[in-house]
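Dear colleague,

My notes on what was found in it follow.

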Amino acid sequence: VLVAYLSGNPTAPYRRRAWALLLLLLGSFTASRELRRPLMAFALAVVDAPAPASETAGGHNTSPSWAVLDMNLGTGGSLQALGVRRNAVSRDEKRLAEAVVHRLHEGEVREMRHEAPSSVEVQAAVAGAVKVQLRVWLPGGGLVVQSIDAHTTTAELELSLARRLGLHRRQAFGLVEASGRPGAEDRRLPLDERVLDIVSAWEKRMASAAS
């Protein structure tokens with residue numbers, strides 16, 4: 001349904017929202033093999049499509065800005081990509097299509113998430129952002145902002161932060177969940193857990209406590 005919406009809607013803001021929803025879905029669930037192939041063909045066609053005239057040599061954009069994927073339900077219920085008609089596609093839409101390609105590749109080796117996307121992810125996706133800007137507080141009150149995506153694990157985030165901070169012995173560095181309660185211990189975050197799943201769990205706990 002989303003691919004059909006992206007193919008047949010000439011309105012750029014609505015298409016961007018559809019790309020955002022597609023990114024959220026691919027960041028939460030693993031696409032089946034039958035769906036992955038035609039979806040990859042569609043996303044790659046958008047990536048390879050020419051730029052509109054308005055983005056080249058000061059011209060004016062007079063052509064529609066979307067790609068169209070012809071699909072068919074084949075034998076055994078499998079989807080088949082019959083062909084792609086490539087029209088001009090903006091840089092912003094190309095960037096979102098590249099993110100879809102990345103998520104499809106990631107989905108082949110990553111397990112499904114345990115939590116639904118957090119409100120932070122939804123807001124970022126609606127704004128057309130592929131990644132989320134995460135704030136990490138350091139001992140002593142310092143702050144580091146790090147870009148992460150739906151697949152980033154605690155271990156990967158720790159490695160990125162250690163490199164940014166110039167830490168040579170990473171064994172003494174780790175991410176913890178501050179308890180915020182006097183006398184309570186901070187929780188060491190599991191290395192194999194997805195960071196944005198942790199954020200989603202925090203949001204659920206806060207919403208439950210407020211109700």
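At what angle do helix α2 and helix α5 pack, and how far apart are their axes? This is a predicted model, in which local features need pLDDT of at least 70 and side-chain atom pairs count only at pLDDT 80 or more, while totals for chains, interfaces and linings use all residues. Residues are numbered from 1 along each chain as its sequence is written, and side-chain values use heavy atoms, with hydrogens and water left out.

The packing angle of α2 (residues 12-28) and α5 (residues 119-126) is about 145°, and their axes are 8 Å apart. Axes here are lines fitted to C-alpha atoms, for helices over the stretch in contact, and angles run from 0 to 180 degrees between N-to-C directions. Helices (H or I, at least four residues) and strands (E, at least two) are DSSP runs, numbered from the N terminus. The crossing of α2 past α5 is right-handed; a crossing is right-handed if the near helix is turned clockwise from the far one by less than a right angle, and left-handed if anticlockwise. On the α2 side, Arg16, Ala20 and Leu24 make the contact, and on the α5 side Glu121, Val122, Ala125 and Val126 do; contact means heavy atoms within 4.5 Å. By class, five of these residues are nonpolar, none is polar and two are charged. In this scheme Ala, Val, Leu, Ile, Met, Phe, Trp, Tyr, Cys and Pro count as nonpolar, Asp, Glu, Lys and Arg as charged, and the others, Gly among them, as polar.

Helix α2 has 17 residues and spans 25 Å from its first C-alpha to its last, close to the 24 Å expected at 1.5 Å a residue; the expected span is 1.5 Å times one less than the number of residues. Its buried residues include Trp19, Ala20 and Leu24, where buried means under 20% relative accessible area, exposed over 50% and partly exposed in between (1.4 Å probe, protein chains only).

The aromatic pairs come next. The count is one, with rings of Phe, Tyr and Trp (its six-membered ring) pairing if their centres lie within 6.5 Å; planes under 30 degrees apart count as stacked, over 60 as edge-to-face and the rest as tilted. The ring centres of Trp19 and Phe42 are 5.7 Å apart and their planes lie at 15°, so this pair is stacked. It links distant parts of the chain, from Trp19 in α2 to Phe42 in α3 (residues 33-48), 23 residues apart. Trp19 is buried at a relative accessible area of 1%, and Phe42 is buried at 1%.

Other buried residues of α3 include Arg36, Leu39 and Met40. Ala41, also in α3, is partly exposed at 28% relative accessibility. Its C-alpha atom is separated by 9.2 Å from that of Val101, 60 residues away along the chain.

Arg170 sits in the loop between α6 (154-165) and β5 (176-177) and is partly exposed, with 42% relative accessibility. Leaving aside residues up to four places away in sequence, Arg170 touches Leu159 and Ala162.

For the chain as a whole, there are seven helices and six strands. Of its 211 residues, 38% count as buried. Among contacts with a separation of 6 or more, 61% are between residues 24 or more positions apart.

With kind regards
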